Amino acid sequence: MKAEIQNWIESLHAGEPRALARAISMVEDRSPGCVDLLKALFPHTGKARIIGMTGAPGAGKSTLVDQLARFYRKEDQTIGIIAVDPSSPYTGGAILGDRIRMQDHFSDSGIYIRSMATRGSLGGLARTTADVAAVLDASGRDVVLVETVGVGQDEVDIVRLADITIVILVPGMGDDVQSIKAGIMEIADIFVINKSDRDGAERVEREIKTLQSLNMRNDRWTPPVVKTVASEGKGIDELAGAVHKFEDHLKKEGLALKRSVHNWQERLLEMLRDSMLEKVKARIGHGQLARYAEEVAEHKRDPYTLIEEIAGSV
């Protein structure tokens, strides 16, 4: 198995798309051997710049991802794109709308696009998104763009994965900034007002700056507000420039490692929780779980003692 994984890694480094597709499918499906593959790939990660892009439905995330990918390809950088799509309520599979919108890139070997289903995951990120990003990173991609499902305040999972988080807003979307300030506003390293040729763009910018004046960040960075019209390619140079300035800020202040440590603390807890849950599910089985549920529903036992017993047996 080790020899096979080593050959696989060499194929990934050589840029073979089939090897990359196979590795990502293995990780996403949690097939046997995927953990061994991720262990072997981890030493090769940490080089790619991971940019998360999030915002409400209709904000134009896919178009912005498409335009940023074009920008970085002109700079001869290789790109990985992870588009986290809503799951189909019937099959659990991704609806794949983002891949349809980005089909112009299919002939470019320097861009690899993968759509993933959320499969009921909260926070807008599929559970395995971080592992797929690691595979793309280890394959030598310079930039990994992660577009998340636009579900509002629960979108904060992106912070644990991305080096840079871009929050996308558009004028005329209900209460604009006020409706989402409680959660998603705090995660932005850069704000983008897309479709800024619409009425209300100036008002959104004022609202963002007002909120920023009330909530100063510990890293001494004030997230810039970049106006774009992604459908026309306007503002993309400025957005890429803002990304570069934030990277410079992290290096200058020595914050990159500190930020990574904090993010890994959160991710390690998440990984531990998932691992423990899988062990418990394997131990008690679906039938036993159903019996427990019936006992609790009939008030034959309380759920708190039950959980203590199950947790103590792991």
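**Charged side chains and their surroundings**

Mentor: Arginine 301 is partly exposed, with a relative accessible area of 26%, where buried means under 20% relative accessible area, exposed means over 50% and partly exposed lies in between, for a 1.4 Å probe and protein chains only. Before we go on, note that this is a predicted model, in which local features need pLDDT of at least 70 and side-chain atom pairs count only at pLDDT 80 or more, while totals for chains, interfaces and linings use all residues. Residues are numbered from 1 along each chain as its sequence is written, and side-chain values use heavy atoms, with hydrogens and water left out.

Arginine 301 forms a salt bridge with glutamate 309, and the closest N and O atoms are 2.6 Å apart; a salt bridge here is a side-chain nitrogen of Lys or Arg within 4 Å of a carboxyl oxygen of Asp or Glu. Glutamate 309, at 44% relative accessibility, also counts as partly exposed. Elsewhere, salt bridges that share partners join Asp189, Arg217, Asp219 and Arg259 into one network. By this rule the count comes to 19 salt bridges. In general, side chains of opposite charge can pair when their charged atoms come close.

Glutamate 28 and arginine 114 meet through their side chains in a salt bridge of 3.4 Å, N to O. This pair links distant parts of the chain, since glutamate 28 is in helix H2 and arginine 114 in strand S3 (residues 111-117), 86 residues apart; helices (H or I, at least four residues) and strands (E, at least two) are DSSP runs, numbered from the N terminus. Both glutamate 28 and arginine 114 are buried. In the other pair, glutamate 207 forms a salt bridge with arginine 203, with the closest N and O atoms 2.9 Å apart. Because glutamate 207 and arginine 203 are four residues apart in helix H9 (residues 201-214), about one helical turn separates them. Glutamate 207 is buried, with a relative accessible area of 14%, whereas arginine 203 is partly exposed, at 38%.

Arginine 267 is buried yet has no salt bridge, and the nearest side chain of opposite charge, aspartate 131, is 4.8 Å away; for charge, Lys and Arg count as positive and Asp and Glu as negative, with His and the chain ends not counted. Leaving out residues up to four places away in sequence, arginine 267 touches Ala130, Arg160 and Leu161, where contact means heavy atoms within 4.5 Å.

Aspartate 131 and Ala130 bring us to helix H6 (residues 129-138), where they are among the buried residues. Nine of the ten residues of H6 are buried, so this helix is largely enclosed by the rest of the structure. Just after H6, glycine 140 takes a positive phi of about 100 degrees.

A positive phi also occurs at two charged residues in loops. Most residues other than glycine have a negative phi. Aspartate 76 has a phi near 65 degrees, lies in the loop between H4 and strand S2 (79-85) and is exposed, with a relative accessible area of 62%. Arginine 220 has a phi near 60 degrees, is found in the loop between H9 and strand S7 (225-227) and counts as exposed at 66% relative accessibility.

The axes of helix H1 (residues 2-13) and helix H2 (residues 17-28) come within 8 Å and cross at roughly 125 degrees; axes are lines fitted to C-alpha atoms, for helices over the stretch in contact, and angles run from 0 to 180 degrees between N-to-C directions. That makes H1 oblique to H2, given that angles under 35 degrees count as roughly parallel, over 145 as roughly antiparallel, 65 to 115 as roughly perpendicular and the rest as oblique. In this contact, Glu4, Trp8, Ser11 and Leu12 of H1 meet Ala19, Leu20, Arg22, Ala23 and Met26 of H2.
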